[in-house]
Amino acid sequence: MQLTDTNADPELPNIQYTQHYLRSIIIHSIDTFNYQNAEFASERLLAQTPLNLDSIYLYCLTLYHQSKLKSCYRKLIEVNNASNLNHLGCSYIFGKCCLQLNKSKDGIFQLLKVKNLYNGDGERINLEMRFDYENGRSILPDASSMYHLLGDLYHSVDDIKNSCLNYTQCLKLNQFDFEAFQKLCKMGVDMKVKSLYKMQKDGHGHMEQVGREDILQQQSQQSQQFKTPQALGTHDIPDLTNPFTDKKNAVTSSTTKNPSNTPTIHVDEYNFSTPRIKTATVPDAPLKKSNLNTGSHANHHDVSNTTIANNTFEFVKPNTTGAYPEGGGKKRGSRVYSKITSRLISQPSSHATINNPNETPNNNNKKNLKRNNSITSDDSSTGGTGLASAMTTSSSIAFLKEIEKSEAYLLHLYSIFARSFKLLSNYDCYKAIKLLEIDIPQQERDTPWVLSKLGKLHYEVMNYKQSEQYFKKLRKLDRARCEDMEVYSTLLWHLHKKVELTFLANELHDIDPTSPITWCTIGNLFSLTHEPDEAIRCFNKAIKLNDKFTYAHTLKGHEYFANDNYEMAMESFRLSLLLDPRHFNALYGIGMIYMNLGEYQKADYHFRKAISINPINIILICCVGMVLEKLNKKPMALKQYELACKLQPTNPLPIFKKAQLLFSLQNYPLALKNFEILKNIAPNEASVHFLLGQLYNLQQDKYSAIREFTIALNLDPKGNYLIKEAMESLNG
């Protein structure tokens with residue numbers, strides 16, 4: 001688009017240049033986390049263009065980064081009421097605000113309204129763009145980000161179907177959005193990991209399908225979309241690199257003007273880059289030749305007759321002769337181009353030159369050669385052109401093959417993580433443990449995500465000692481981590497480690513007193529010290545901080561259950577299931593309530609439903625066995641205990657329940673055998689020694705019976721009347 005100078009005073013800069021400079025200042029401030037400065041500059045930009053949606057987007061972006069959600073939301077509502085909010089960036093920020101302000105339906109409506117802005121962008125970006133995104137990244141969200149946000153919004157209103165569809169669409173466009181994959185697994189979606197993490201064909205094709213001629217043609221097409229800035233004339237003002245300019249409109253505009261008098265600066269082929277501001281110095285002597293010409297650094301944007309030195313093209317010092325008739329304007333124009341770098345330009349075309357309307361093309365080419373040797377003039381010798389073309393082609397092929405290798409490696413690594421997380425979500429813990437402990441490199445194993453998942457996996461299979469080791473290693477690696485500490489605190493509760501749990505609770509409170517995980521940990525500590533009222537108060541605090549934190553509701557329910565407040569416990573467990581229908585711990589709690597109330601059929605239903613989610617949890621299997629015993633289905637109960645023993649042969653719980661049932665069935669030899677195994681596994685359990693003593697008594701082995709009764713008496717002095725009564729029966 002050809003800009004027109006609307007300023008009456010030639011001493012003042014063109015308004016478009018000022019806006020361009022302000023945009024660069026804002027985005028540089030955002031990139032350097034200087035959000036207050038970005039907000040100040042955004043206000044200056046809005047003062048000049050109060051109705052421009054691009055300016056409004058930058059302003060709201062700075063507000064969102066500062067967590068000024070309500071201010072951002074109100075601003076976008078005002079804009080939407082005044083005019084249609086038909087802008088991709090503004091709609092995205094609006095949706096993010098709605099998600100956090102519990103206005104998800106408004107966010108969904110807005111994103112669906114502007115679906116035409118991103119729905120047609122159905123192809124994944126090509127391999128080169130994915131690889132070099134850091135040098136050509138976009139300030140606007142891409143299609144995958146929009147679908148991810150839609151998935152979050154639908155999930156917050158419990159529309160699981162639409163949430164899954166949008167997350168799936170997000171993964172089609174971006175295989176490396178692992179957060180979307182995890183959310184799908186948590187919702188119970190059966191993800192096809194092998195299909196997801198395989199090399200996919202891009203819209204531009206992979207190197208295996210592209211011949212040498214196709215490569216050259218593709219490079220030529222890419223290079224023609226980038227132009228270098230030209231010296232500014234009084235009437236010929238070039239397009240600035242607006243990060244919001246539509247690529248297609250920019251191309252159309254450039255072709256309708258005379259290229260010698262109306263140069264343009266185009267944005268990246270797919271997305272515009274994030275601008276940077278740096279103090280650029282213009283050398284008086286010619287620059288060094290780029291290493292790219294020697295093939296030491298491959299660049300696939302090279303064309304047959306030239307190469308470009310860097311991803312960041314430095315603006316050449318503009319020729320000010322005749323550019324600005326007034327002295328002030330001349331200084332101002334040169335200062336603008338010396339400070340704004342062209343990080344907005346991914347790769348400028350080597351064909352473009354820096355023209356001055358007062359000079360001939362030949363003179364202009366000579367000036368370019370003098371200022372920057374990396375830009376080769378159109379008058380290069382044909383021999384040099386052919387050599388550069390051959391070197392460029394070979395280096396480009398090698399470059400793209402290396403990119404493909406790296407993507408294949410990352411896809412394989414991601415597939416391992418994806419399979420392990422899917423197995424964890426399906427509670428197939430043993431396979432997941434094998435994947436994470438054996439199938440990934442050591443350096444990947446010693447990362448917080450892997451350590452936390454291994455700790456959780458061992459916790460789920462009740463391998464508490466190994467789980468504790470992984471969590472300790474995680475804490476050593478990342479001391480300030482709060483994520484997954486609610487599981488670690490529950491683990492310490494099961495191990496009755498009061499000192500460690502106290503230390504963890506105090507440390508988490510120092511790190512983040514506003515985290516619900518912190519208050520769940522403190523609640524577990526009070527529960528361990530038998531202070532139920534304080535524990536429930538802490539769990540309520542966690543729920544107040546995040547009312548969608550499922551685990552806090554569940555812990556609160558268990559605390560009410562321990563105090564025989566079944567009504568409040570039931571309410572808490574049902575709230576947990578409302579937030580997460582796959583939360584088997586809440587189903588277990590409801591089953592225990594019904595079992596204590598004598599409603600065994602309902603208890604059996606909830607236990608079996610929990611087992612359908614987590615089929616390897618031996619506590620749930622034993623609970624089903626206990627219900628079957630109550631229903632006088634002892635042979636079926638025995639099968640449940642045997643299944644639990646097969647899953648975890650060294651766990652004392654199923655062995656104890658099995659031995660106890662065999663004892664009641666008067667199968668004394670088999671019961672004695674199981675109790676002797678149990679004695680070695682849990683030597684400090686008084687009830688085991690007591691029942692073993694009774695079995696020895698029935699076997700007429702009074703010496704062994706007295707020994708076991710004596711051990712039980714020492715381990716549990718409170719139950720001495722039962723043990724003494726049993727010992728007296730021996731004398732009788």
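Q: Where does the UniProt record place the "repeat: TPR" feature in this chain?
A: The unreviewed UniProt entry puts it at residues 516-549, 550-583, 584-617 and 686-719. Keep in mind that what you're looking at is a predicted model.

Q: What makes up residues 516-549, helix or strand?
A: Helix: the span is 79% helix and 0% strand. Its end C-alpha atoms lie 8 Å apart.

Q: And what about residues 584-617, helix or strand?
A: Helix here too, with 79% helix and 0% strand. For this span, the end C-alpha atoms are 10 Å apart.

Q: Why are helix 27 and helix 28 called roughly antiparallel?
A: Start with the angle: the axes of helix 27 (residues 584-596) and helix 28 (residues 600-613) cross at roughly 165° and come within 8 Å. Angles over 145 degrees count as roughly antiparallel, so helix 27 is roughly antiparallel to helix 28. On the helix 27 side, the contact includes Phe584, Leu587, Tyr588 and Ile590. Among the partners in helix 28 are Tyr600, Ala603, His606 and Phe607. As for handedness, the crossing of helix 27 and helix 28 is left-handed.

Q: How do you know whether asparagine 585 is buried or exposed?
A: Look at its relative accessible area, which is 19%. Buried means under 20%, so asparagine 585 counts as buried. This residue is found in helix 27. Leaving aside residues up to four places away in sequence, asparagine 585 touches Thr554 and His558. Along the chain, asparagine 585 and histidine 558 are 27 residues apart, and their C-alpha atoms are separated by 9.5 Å.

Q: What makes helix 21 and helix 22 roughly antiparallel?
A: Again, check the angle. Helix 21 (residues 485-494) and helix 22 (residues 498-511) pack at about 155°, with their axes 9 Å apart. The cut-off is over 145 degrees, so the two helices are roughly antiparallel to each other. Met485, Tyr488, Ser489, Leu492 and Trp493 of helix 21 make the contact with Glu500, Leu501, Leu504 and Leu508 of helix 22. The crossing of helix 21 and helix 22 is left-handed.

Q: How do you know whether histidine 496 counts as buried or exposed?
A: Exposed means over 50%, and histidine 496 has 61% relative accessibility, so it counts as exposed. You'll find histidine 496 in the loop between helix 21 and helix 22.

Q: What is there to notice about the phi of histidine 496?
A: Most residues other than glycine have a negative phi. Histidine 496 isn't a glycine, yet its phi is a positive value near 55°. Methionine 462 also has a positive phi, of about 65°, although it is not a glycine. Methionine 462 sits in the loop between helix 19 (448-460) and helix 20 (464-477).

Q: How do you know whether cysteine 429 is buried or exposed?
A: Cysteine 429 has 0% relative accessibility. With the cut-off for buried at under 20%, cysteine 429 therefore counts as buried. It's in helix 17 (residues 429-438). The C-alpha atoms of cysteine 429 and histidine 458 are separated by 7.7 Å, and the two residues are 29 apart along the chain.

Q: Why are helix 1 and helix 3 called roughly parallel?
A: The axes of helix 1 (residues 15-31) and helix 3 (residues 53-65) cross at roughly 20° and come within 11 Å. Angles under 35 degrees count as roughly parallel, so that's the label for helix 1 and helix 3. Here Arg23, Ile26, Ile27 and Ile30 in helix 1 meet Leu58, Leu61, Thr62 and His65 in helix 3. The crossing of helix 1 and helix 3 is left-handed.

Q: How many helices and strands are there in the chain?
A: There are 35 helices and zero strands. Of the 732 residues, 50% are buried.

Definitions and conventions
Residues are numbered from 1 along each chain as its sequence is written. This is a predicted model: local features need pLDDT of at least 70, side-chain atom pairs count only at pLDDT 80 or more; totals for chains, interfaces and linings use all residues. Side-chain values use heavy atoms; hydrogens and water are left out. Helices (H or I, at least four residues) and strands (E, at least two) are DSSP runs, numbered from the N terminus. Buried means under 20% relative accessible area, exposed over 50%, partly exposed in between (1.4 Å probe, protein chains only). UniProt positions are given in the numbering used here, feature names are shortened, and annotations may be inferred rather than shown by experiment. Axes are lines fitted to C-alpha atoms, for helices over the stretch in contact, and angles run from 0 to 180 degrees between N-to-C directions. Angles under 35 degrees count as roughly parallel, over 145 as roughly antiparallel, 65 to 115 as roughly perpendicular and the rest as oblique. A crossing is left-handed if the near helix is turned anticlockwise from the far one by less than a right angle, and right-handed if clockwise. Contact means heavy atoms within 4.5 Å.
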